[in-house]
Amino acid sequence: MNLADCSSHSATARLLHFGSPGAIYLRRFVGSLHVGRCGSNPTHVKTLRLRSNPPKTLTVTAAMASEAEVAASAKIIDGKMVAKEIRDEITTEVSRMKDAIGVVPGLAVMLIGERKDSATYVRNKKKACESVGINSFEVRLPEDSAETEVLKFISDFNDDPAVHGILVQLPLPKHMNEQNILNAVSIEKDVDGFHPLNIGRLAMRGREPSFVPCTPKGCIELLHRYGFQIKGKKAVVIGRSNIVGMPAALLLQREDATVTIVHSRTQNPEQIVKEADIVISAVGQPDMVRGTWLKPGAVVIDVGINPVEVRRLPLVFFIFHDQARKVVSAITPVPGGVGPMTIAMLLSNTLSSAKRIHNFQ
């Protein structure tokens, strides 16, 4: 609490006491009292008129936490920090591989169309490659490109020894068959993990996929690096998409969790989620999961990052965070949670591919 007397004379016995959140008690203040955050915009400073004789003006600037901030006790799972640790590890391995056998891992990314969000993702992936020493190859095609043209580029990358990973940025234009294009990527270079053989192996006990989809892999890596136990825990995955929900459930099952998937046709989803020790939320409905849905002490991974123009917000949370943080023991922020981990896992998959292709340990 910072107190600043704006009058020409000092006031005696100033006391500002905080009771319950939102309640402020003032004693022995006189004049005009201004209460606000330190460094806040002046428009956020409130003035309280107090009786005085003679009048005295006293300005009080307080570093005041909101009610949600006061009550929050959940540990923040810092995906940005963990992703940096992983990138540092990858940088070391890329350098070691280059020095030992003269090979630098290479990632090819294909962007079809003019979607701004897709272009941003591709640009971020290119920067991430450069930051760890991985070579990046980029192909940009117009929205009206023929599917055969895309397949020809994929075929060339499949045969290129300098390329160890191929990523086709989704979504594709509507006139293209997504399944045909993803299936054309060599399973040995499918660093996105979307090839049906990779997904099939992920679903089978005793079989190992060449690659695991990056976002679900990042979710599990966060749980591991923070030391949260998965084995024997009840886990709920909200959403059943091929990209996140379904592979996330398969990964949790591989970790010996008891897994339930909640989706749009699930009855009593609140009751099911409330039993979970671990919640991974990847459903396309903003603020769907409220604090009342969550088990006290649960660990929550919020995958959601979507633009919502109606709300005029750049990002939305699939979890209602202000409520959730009062209940759970740990939660990922948005942004800065799963997003950085997705790109880190893409780099990790590309490095693993190069090592496997060149028999490098």
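View 1. Everything here comes from a predicted model, where local features need pLDDT of at least 70, side-chain atom pairs count only at pLDDT 80 or more, and totals for chains, interfaces and linings use all residues. Residues are numbered from 1 along each chain as its sequence is written, and side-chain values use heavy atoms, leaving out hydrogens and water. Helices (H or I, at least four residues) and strands (E, at least two) are DSSP runs, numbered from the N terminus. Angles run from 0 to 180 degrees between N-to-C directions, with axes fitted to C-alpha atoms, for helices over the stretch in contact (heavy atoms within 4.5 Å).

**View 2. Three strands make an open sheet in the order β9-β8-β10.** The pairing is parallel, and two strands count as paired if DSSP finds at least two bridges between them. β9 (135–141) and β10 (165–168) are the edge strands, each pairing on one side only. From one strand to the next, the twist averages 15 degrees.

**View 3. Zoom in on β8 and β9, which share seven bridges.** β8 spans residues 106–112. Look for Val109, whose bridge partner in β9 is Glu138.

**View 4. Ile90 sits in the largest nonpolar core, a set of 55 residues.** A nonpolar core is a set of buried (under 20% relative accessible area, 1.4 Å probe, protein chains only) Ala, Val, Leu, Ile, Met, Phe, Trp, Tyr and Cys residues joined through side-chain atoms within 4.5 Å. Leaving aside neighbours within four places in sequence, Ile90 contacts Val132, Ile134, Ala344, Leu347, Ser348 and Leu351.

Definitions and conventions. Buried < 20%, exposed > 50% of the residue type's maximum accessible area, 1.4 Å probe, protein only.
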